[in-house]
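This report describes selected features of one protein model, from loops and helices to sheets and charged pairs. Please examine the sequence and the structure shown here before reading on.

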Amino acid sequence: MIDERYELAVGRIRQMMVEDTVEAPFREFFQKTAEFVLMIHEVKALIADGTYKKLELAKLEEWNHRLYEDILPDAYGTSYGNPAYAVSQLGEEYGQLLSFLYTELRGCIAYAFEQKTEYLDILFELLIEIYNQFEAGEPEADRIKESIYWYASDYCDVFAADRVRVQIDPSESFAVDMVQNCELEDLRYLYQFGEYISENELRTARHLLELPKEVIQKMADVYTEGYRKGFVNTGKDLSKKEVVDIRYVLGFERVVRQAIQNFKVMGLQPVLYRAGVSVLTKRGQSKVGYYGAIANKQFEYDHRNDQALFLDKKFVERKLEVIKTTFEHHKEMAGKYAGPACIDMFGEEPFIPQQKEEVIKLTKKQEELQVQFYSRQGQIMNQYIRGDERSFTIISYPVPEIGEKYEEIFDEIIRINTLDSKTYEKVQQAMIDALDQGEYVHILGGGKNRTDLKVRIHEIDNPEKETAFENCVADVNIPVGEVFTSPVLEGTNGVLHVSKVYLHELQYQDLEITFKDGMIQDYRCSNFDEENKNREYIYDNILHKHPTLPLGEFAIGTNTTAYVAAKKYGIEEKLTILIAEKMGPHFAVGDTCYSWSEEVRVFNPNGKEIIAKDNSVSILRKEDVSKAYYQCHTDITIPYEELKRIDVITRDGCKLTILEDGRFVLAGTEILNEPLINGDK
């Protein structure tokens, strides 16, 4: 039945190429879109009969370019995927709607490679439905919106339900089979995923092939062992779990293959699922799952709020019902889910998006609905995959785009990711001993840095057995090198400022955030000429559309080795936050590091229990869980060279200085200066 409908849809779309039943300028849009769909049909057939897999590398590269060329930066100016171009050609209302349609259809690339005929048929029929509306002249825009609304609502139980299932069900093995069975020496395998492949993915795969087997084993071991330690250190029972969620960027298959073997020894089967490609499965422009190169970050950014076309209370309730029903149907499987194990990549040129008036925007009411949706979705997930029973790990490596010395930088990051934890454990404990005496910590910027912030620390009733700071020694959060706490919000006041920072693949210039009693009171940056655009940029991408956020974490990074390496290679602004947060004090806005697992007792290596896991927001979970969590956590780091000092102010008014003029001065921490001193020579 589905195959029949699919063939009928392809036949009808083929007719669009030669018909003149739709007037200009819309005829060109539908012909261009039909041309793309027929290309999808062609590649689907080549994959189905095994021809695509046998193509030479040059032919695969050609196909990959054809599939993505319309949204690549050089062509994006005249692409219907570009809302600005679509609006200029088709008018504001039609342009936004048809740009959405074109963008949603681009998800068909993934569906063709996975042979998801039902998904393809659903999208093709949506195109035909909207095309038919234009055959009778220009339709009312509301008619098109209605078609889009019912597409989202009717097929939520297909797209959203499948999205839940593939994240917990190891029988969904498209990518797992690829990683385990492909010939890694033959780089043609990269083109079998259906993702955009750039020089980054190709050179990464080549470089990994050049590394000795023992180095690959070491990389996989630190990654999987960090995952295992995450359960051990928090007293969670890994033996109750059976599924590990592996997330990575293509090119890293040699390490992922070995990691899968390591996880199997722990009794864990992998799930590997593609990052969402539909408005029904994505969260803005973020990527969760595996993916290749991002063909055009501006394209992703332009369509981050496309759900505004159908987001209302009824749709929110519908999608939440689908998610809950799916979890309930697979609750036994969900209970065996252990959590994500992530390999991140970094080193691309920092991206500052263009703010366009033509993009689809959420209304204030829709922003509130979106926040409510993510909150309730988090609650549902925690009901079936309990936060106090799951863990995670995350590690990162550079992409070739990081610079000419890519291979050298890559080897340096391997060294940083495998630094001796015992050395850091001892040094960091000396720092914690001082911090535990504090009523608050005063962080003061130096030079042009305007930071002047007092962070209040939890009071410790039993210093012999309790601590406010976690001694982080490279388990879930690799590499080693930080101490962190959940601050007391009340009494946490002042300004956080950083000259330049890269957060969630977006760059911020001259970022300044003001806190009052631990909550964001004001914010600004200097990315754009118009102040309102700067505020909108922060509101959308750091506050995630919340009116305010708490300071969920305060930490001091101790990995001066990473800091010196970053300075040596000039890659500071290209570093992932995972490493950058270890290179100075950092401040996370949003949830605490212990969200959904505050009741789990956690101990430092010296046996002291960490008692600073809650704040006055997260504790609201005991009264109304919807008020306790924000479903976001963004770390912002101040580099050492922008600091004047970090002082601990004790409860009797004494001052203990941890860092002064970019150097550690607290007794027991001086060893951290050795890389800084040697790096200066």
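Helices (H or I, at least four residues) and strands (E, at least two) are DSSP runs, numbered from the N terminus. The model is a predicted one, in which local features need pLDDT of at least 70 and side-chain atom pairs count only at pLDDT 80 or more, while totals for chains, interfaces and linings use all residues. Residues are numbered from 1 along each chain as its sequence is written, and side-chain values use heavy atoms, with hydrogens and water left out.

**A loop residue**

Val 288 lies in the loop between β2 (269-271) and α15 (297-302). With a relative accessible area of 33%, Val 288 is partly exposed. Contact means heavy atoms within 4.5 Å. Leaving aside residues up to four places away in sequence, Val 288 touches Arg 163, Arg 247, Tyr 273, Arg 274, Ala 275 and Gly 276. Glu 404 is 116 residues from Val 288 along the chain, and the C-alpha atoms of the two are separated by 29 Å.

**Helix packing**

Two packed helices are described by the angle between their axes and the distance between the axes. Axes are lines fitted to C-alpha atoms, for helices over the stretch in contact, and angles run from 0 to 180 degrees between N-to-C directions. Angles under 35 degrees count as roughly parallel, over 145 as roughly antiparallel, 65 to 115 as roughly perpendicular and the rest as oblique.

Helix α1 (residues 2-16) packs against helix α8 (residues 117-135) at an angle of about 40 degrees, their axes being 9 Å apart. The two helices, α1 and α8, are therefore oblique to each other. Their crossing is left-handed, a term used if the near helix is turned anticlockwise from the far one by less than a right angle (right-handed if clockwise). Among the residues of α1 that take part in the contact with α8 are Ile 2, Tyr 6, Ala 9 and Ile 13; those of α8 include Leu 120, Phe 124, Leu 127 and Tyr 131.

Helix α1 also packs against helix α2 (residues 26-48), at an angle of about 140 degrees and with the axes 9 Å apart. This makes α1 oblique to α2. The contact involves Tyr 6, Glu 7, Val 10, Ile 13, Arg 14 and Met 16 of α1, together with Phe 30, Gln 31, Ala 34, Val 37, Leu 38, His 41 and Lys 44 of α2. The crossing of α1 and α2 is left-handed.

**Strands and sheets**

Two strands pair if DSSP finds at least two bridges between them. An open sheet is formed by eight strands in the order β12-β11-β10-β6-β5-β17-β18-β19, with antiparallel pairing. At its edges stand β12 (519-524) and β19 (663-664), each with a single partner strand, so one side of each is left without a neighbour in the sheet. Within this order, β5 (residues 438-445) and β17 (residues 643-650) run antiparallel and are joined by seven bridges. Gly 438 has Thr 650 in β17 as its bridge partner.

Strand β14 pairs in the antiparallel sense with β13 (residues 551-557) over five bridges, and Ala 555 stands opposite His 586 in β14. Strand β14 pairs with β16 as well, in the antiparallel sense and over five bridges; Ala 588 has Asp 635 in β16 as its bridge partner. Six of the six residues of β14 are buried, so this strand is largely enclosed by the rest of the structure.

**Salt bridges**

A salt bridge is a side-chain nitrogen of Lys or Arg within 4 Å of a carboxyl oxygen of Asp or Glu. The structure holds 51 of them.

| Lys 116 | Glu 114 | 3.4 Å |

Arg 621 lies in the loop between β15 (609-610) and β16 (633-637) and Glu 598 in the loop between β14 (585-590) and β15, so the pair ties together parts that are 23 residues apart in sequence. Arg 621 is buried at 16% relative accessible area, and Glu 598 is buried at 6%. Both belong to a network of salt bridges that links Glu 598, Glu 599, Asp 614, Arg 621 and Lys 622. By contrast, Lys 116 is partly exposed at 24%, and Glu 114 is partly exposed at 22%.

Methods
Buried < 20%, exposed > 50% of the residue type's maximum accessible area, 1.4 Å probe, protein only.
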